[in-house]
Structure formats: structure tokens, C-alpha cells
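Work through the exercises below with the structure open beside you. Each task is followed by a solution in steps.

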Amino acid sequence: MNANEAKLLLQEYFRYKRKFIGVVSEYSFTLDEIEDIVAFDDKEIIVVEIKISKSDFLKDFKKHKHTYFDKSYHKFYYFVPNDLLDFVLEYLKKADGSYGVLSVNTRNEVYIAKSAKTLKGSKYLLSVFHYSEYAKLKSLIQRMSSELIIEKRKNLRSKK
């Protein structure tokens, strides 16, 4: 599995299985960090960092990425393939206990291997949307997310 395939799986998981309003990839809350996946609904914002190799996973901890406390999201997950899962779960026992872990089973379905805790200091970004416009905004974002997933699926299939 490569990172693009993982992004598609996660986008489908959050949009269709978890019924989140929106799912985007390569989004930045700050100028110095780009998140692989951001999923949001009217209750929470979840960030997922995709790690396909052990060395890529360990790099995050060398640069103190995702360790500061004034967050613009509620929960943080790592997504790793099953062959990396045991290592990551063991490593995270020594790290900050708020990290969650997502992986993929043999049927290519995303599942929660370790639940994430809500981060202290997270900001609630969706409160900027005025309530009267929320239904329209929700509908537009759901459609946008679905369209993006369909296009990404077509693109990946055409490359195989």
C-alpha cells in the first residue's frame, strides 16, 4: 500500500463509514505543518498522519511534530499498514497517550487499533459557521468530499 491508496481508504472511511461532513487531504492549520487527512463534522475535527514505513513514523518524533498543545483539532491518529501496527502500538506506549492508531484489515477496511483521546487546548473551529447557513454548508461540503473521493478512486484505478 502506498500513501495515495491510504489517503483514499481514509477518505472513504471518514466520509462513508463514519459519516463525517468533510474529508480533505494535504491541509494545513498552520504554515509549517501539512496534515495528510483532516476529517470534520459538527462535533469534532480529526487529523490523520499516514506512515507507511518505520523510519517515516519515527521522523515525526524527532522533529516534535504533533506534540504541541494549542491544537486546532480534537483528535490525532496515525494510520499504518498492518505490518507496522505492532511496532507503532508498542512505541506509542512510551509516547504521549493521546495518539490514536488506525490500520487496515485483510478486507481493506480501516479500523481503530487504538482510540485517540481529545487533545487539551483544541479549538472548536466549526463555531465560525453561522447556524442558519450550516445545513447548506454541510450539504455542499458533503458533496465536495464525495466527488473528490470518486475522482481519486478513478485516478488510482486508471494507473493500475
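**Exercise 1. Sort the residues of helix α3 into a buried and an exposed side.**

Solution. The model is a predicted one.

Step 1. Start with the exposed residues: Asp-83, Asp-86 and Lys-93 have over 50% relative accessible area.

Step 2. Leu-84, Leu-85, Val-88 and Leu-92 of α3 are buried.

Step 3. Find what the buried residues of α3 pack against: α2, β4, β5 (100–104) and β6 (110–114).

Step 4. Check the length of the helix. The 12 residues of α3 span 17 Å between the first and last C-alpha, close to the 16 Å expected at 1.5 Å a residue.

**Exercise 2. Classify the aromatic pairs Phe-57 with Tyr-78 and Phe-87 with Tyr-91.**

Solution. A pair of aromatic rings is described by the distance of the centres and the angle of the planes.

Step 1. The structure has nine aromatic pairs. In one of them, the ring centres of Phe-57 and Tyr-78 are 5.0 Å apart and the planes stand at 70 degrees, so this pair is edge-to-face.

Step 2. Phe-57 belongs to helix α2 (residues 54–62) and Tyr-78 to strand β4 (residues 75–79); they are 21 residues apart, and the pair links distant parts of the chain. Both Phe-57 and Tyr-78 are buried.

Step 3. For Phe-87 and Tyr-91, the centres are 6.1 Å apart with 35 degrees between the planes, and the pair is tilted. Phe-87 and Tyr-91 are both in helix α3 (residues 82–93), four residues apart, about one turn of the helix.

Step 4. Compare with the accessibility values. Phe-87 is partly exposed at 26%, and Tyr-91 is partly exposed at 25%.

Step 5. Phe-57, Phe-76, Tyr-78, Phe-87, Tyr-91 and Tyr-99 are linked into a cluster by ring pairs. Lys-54 lies over the face of Phe-87, 4.5 Å from the ring centre.

**Exercise 3. For the salt bridges of Arg-18 with Glu-44, Lys-51 with Glu-49 and Glu-151 with Lys-154, give the distance and the setting.**

Solution. 

Step 1. The total is 11 salt bridges. Among them is Arg-18 with Glu-44, where the closest N and O atoms are 3.9 Å apart. This distance passes because the cut-off for a salt bridge is 4 Å.

Step 2. Locate this pair in the chain. Arg-18 is in the loop between α1 and β1 (22–27), while Glu-44 is in the loop between β2 (35–40) and β3 (45–50); the two are 26 residues apart and link distant parts of the chain. Arg-18 is partly exposed at 28%, whereas Glu-44 is buried at 16%.

Step 3. Lys-51 and Glu-49 form a salt bridge with an N to O distance of 3.4 Å. Lys-51 is buried at 4% relative accessibility, and Glu-49 is buried, also at 4%. A network of salt bridges links Glu-49, Lys-51, Asp-56 and Asp-60.

Step 4. In the salt bridge of Glu-151 with Lys-154, the closest N and O atoms are 3.5 Å apart. Glu-151 and Lys-154 are three residues apart in helix α4 (residues 131–159), so about one helical turn separates them. Glu-151 is partly exposed, with a relative accessible area of 47%.

**Exercise 4. Which residues touch Ala-6, and which are in contact with Lys-152, leaving aside residues up to four places away in sequence?**

Solution. 

Step 1. Ala-6 is in helix α1 (residues 3–17) and is buried at 0% relative accessible area.

Step 2. The residues that Ala-6 touches are Met-1, Ile-50, Ile-52 and Phe-79. The C-alpha atom of Ala-6 is 9.8 Å from that of Asp-36, which is 30 residues away along the chain.

Step 3. Lys-152 is in helix α4 and counts as partly exposed at 21%. The cut-off that decides this is 20%, under which a residue is buried.

Step 4. Lys-152 is in contact with Asn-4, Lys-7, Leu-8, Gln-11 and Ser-25. Lys-152 and Gln-11 are 141 residues apart along the chain, and their C-alpha atoms are separated by 9.7 Å.

Note on methods:
Residues are numbered from 1 along each chain as its sequence is written. This is a predicted model: local features need pLDDT of at least 70, side-chain atom pairs count only at pLDDT 80 or more; totals for chains, interfaces and linings use all residues. Side-chain values use heavy atoms; hydrogens and water are left out. Buried means under 20% relative accessible area, exposed over 50%, partly exposed in between (1.4 Å probe, protein chains only). Contact means heavy atoms within 4.5 Å. A salt bridge is a side-chain nitrogen of Lys or Arg within 4 Å of a carboxyl oxygen of Asp or Glu. Rings of Phe, Tyr and Trp (its six-membered ring) pair if their centres lie within 6.5 Å; planes under 30 degrees apart count as stacked, over 60 as edge-to-face and the rest as tilted. A charge sits over a ring if NZ of Lys or CZ of Arg is within 6 Å of the ring centre and within 35 degrees of the ring normal. The expected span of a helix is 1.5 Å times one less than its number of residues.
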